[in-house]
Amino acid sequence: MITPLLPTYARVPIAFERGEGMYLFDENGKKYLDFYAGIGVMCLGHCHPTLVNALCDQAHKLWHTANTYRIPLGEKLAQRLVDNSFADTVFFTNSGAEAIECAIKMVRKYHYDKGNKGKHRLITMSSAFHGRTLAGIAAAGQEKLVKGFDPLPGGFDVVPFGDIEAVKAAIGPETGGIMVEPIQGEGGIRPVPVDVMRALRDLCDENGLLLVFDEIQCGMGRTGKLFAHEWSDITPDIVTSAKGIGGGFPLGACLATEDAASGMTVGTHGSTYGGNPLGMAVGNAVMDEMLKPEFLPRVKQMGDLLQGRLAALQQRHGDFIQEVRGMGLMAGIRLPDVPTKAATLDFTERGLLPAVAGDMVVRMLPPLIVEESHIDEAMEIYDAAFEDWRKNGIPS
Ligand SMILES: *Cc1c(COP(=O)(O)O)cnc(C)c1O
């Protein structure tokens, strides 16, 4: 049956009415501990006063101007991102998919302008997710994303996840870059090992390729550094960001080095809404919190705590938890022989919101303001659920 809303989602029949910090409240007043955070978007939790004030203040002043005028709040946010990352320059978008589009165009234009017109292909990894545009699904190459949407834009070579030999073998005269998520999100919370990250950088240097990291889910503080790739002490040429960068306001960004961005001159790219004053006010407010000296070390501390508690949970429930995955506050537990969707629904009914990810993983992306008491609360809910399952059977 057709519904007024295009039925592309199998929605859980819960509607939230209100959010406060780490918690969501549904229409019946039931309270949920939010370890989903709208797919990791709500990095400062719900209705953080700094963000509410920034949004309301700006709403009274100026919402939108065309990008044909200067937008000082955007210049400020770009400068702050540049000052705190590998990048020299930033393009703002409204979503992750648009940030990916900008990155792909940037790679192609880079080589074109350097006189290497044919170097337009990107190597990507299996079980990746790069958004739902035609280029994004072509880059991910997964059957469930691309089926029925031919013809797709060409120029993507998908190799098995983490397989550096396969990356090497895929490099040809038309290869222009490599694009990976340092930690796969949708694919099942899978970090790319540090040695593979370094090998990717080396391969790019040896072959004149641009290294693109999709940090839309794993970036913006989630691992305890502003960007997840910082744990591997290599620098990329281009990084895509979204989700946490807006703390709930639709915002994305494509960050790049001066060299990688050299082809993106006047008229080569644009966006009507991207970087508008309302979004930039909120983006700066997110940075106001994230750049406080104690913020990221605290995320690291809470991330270690969460990973440790999940490892202990696995000790108690090895029959249900096959593996604990992730880094920092991007965590997953792999549940063998348990339908992850039914399991996640069961946790939801018990008042905890995790998310489903690929590869039979229950995913946790709590707001970065999470405290030890919230992690304890989540573990109690898991404990009770697993004990119940053992007695009464697993949810199906
Ligand atoms: C969410 C996500 C995207 C797409 O972002 P949208 O804002 O939904 O377009 C791309 N890449 C990764 C790694 C993501 O997690």
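Two strands pair if DSSP finds at least two bridges between them, and helices (H or I, at least four residues) and strands (E, at least two) are DSSP runs, numbered from the N terminus. The views below show a predicted model, in which local features need pLDDT of at least 70 and side-chain atom pairs count only at pLDDT 80 or more, while totals for chains, interfaces and linings use all residues. Residues are numbered from 1 along each chain as its sequence is written, and side-chain values use heavy atoms, with hydrogens and water left out.

**View 1. Strand β5 with its partners β6 and β7.** In β6, Val-158 is the bridge partner of Thr-124, and the pairing of β5 with strand β6 (residues 156-159) is parallel and extends over 4 bridges. Strand β7 (residues 175-180) is likewise joined to β5 in the parallel sense, by 3 bridges, with Leu-122 standing opposite Gly-177 in β7. Because 4 of the 5 residues of strand β5 (residues 121-125) are buried (under 20% relative accessible area, with exposed over 50% and partly exposed in between, for a 1.4 Å probe and protein chains only), β5 is largely enclosed by the rest of the structure.

**View 2. The surroundings of Ala-331.** Ala-331 lies in strand β14 (residues 330-334) and is buried, its relative accessible area being 0%. Leaving aside residues up to four places away in sequence, Ala-331 touches Ile-189, Leu-306, Gln-307, Leu-310, Arg-325, Gly-326, Val-362, Arg-363 and Met-364. The C-alpha atoms of Ala-331 and Gln-307 are separated by 7.1 Å, although these residues are 24 residues apart along the chain.

**View 3. The packing of helices α11 and α12.** Helix α11 (residues 340-349) packs against helix α12 (residues 372-392) at an angle of about 120°, and their axes are 10 Å apart. The angle therefore makes α11 oblique to α12, given that angles under 35 degrees count as roughly parallel, over 145 as roughly antiparallel, 65 to 115 as roughly perpendicular and the rest as oblique. In this contact, Ala-343, Asp-346 and Phe-347 of α11 meet Ile-381, Tyr-382, Ala-385, Phe-386 and Trp-389 of α12.

**View 4. Arg-201 in helix α8.** Arg-201 is found in helix α8 (residues 194-207), and this arginine counts as buried because its relative accessibility is 12%. Apart from residues up to four places away in sequence, Arg-201 touches Leu-209, Leu-211, Ile-234, Thr-235, Pro-236 and Asp-237.

Note on methods:
Contact = heavy atoms within 4.5 Å. Axes fitted to C-alpha atoms, helices over the stretch in contact; angles between N-to-C directions.
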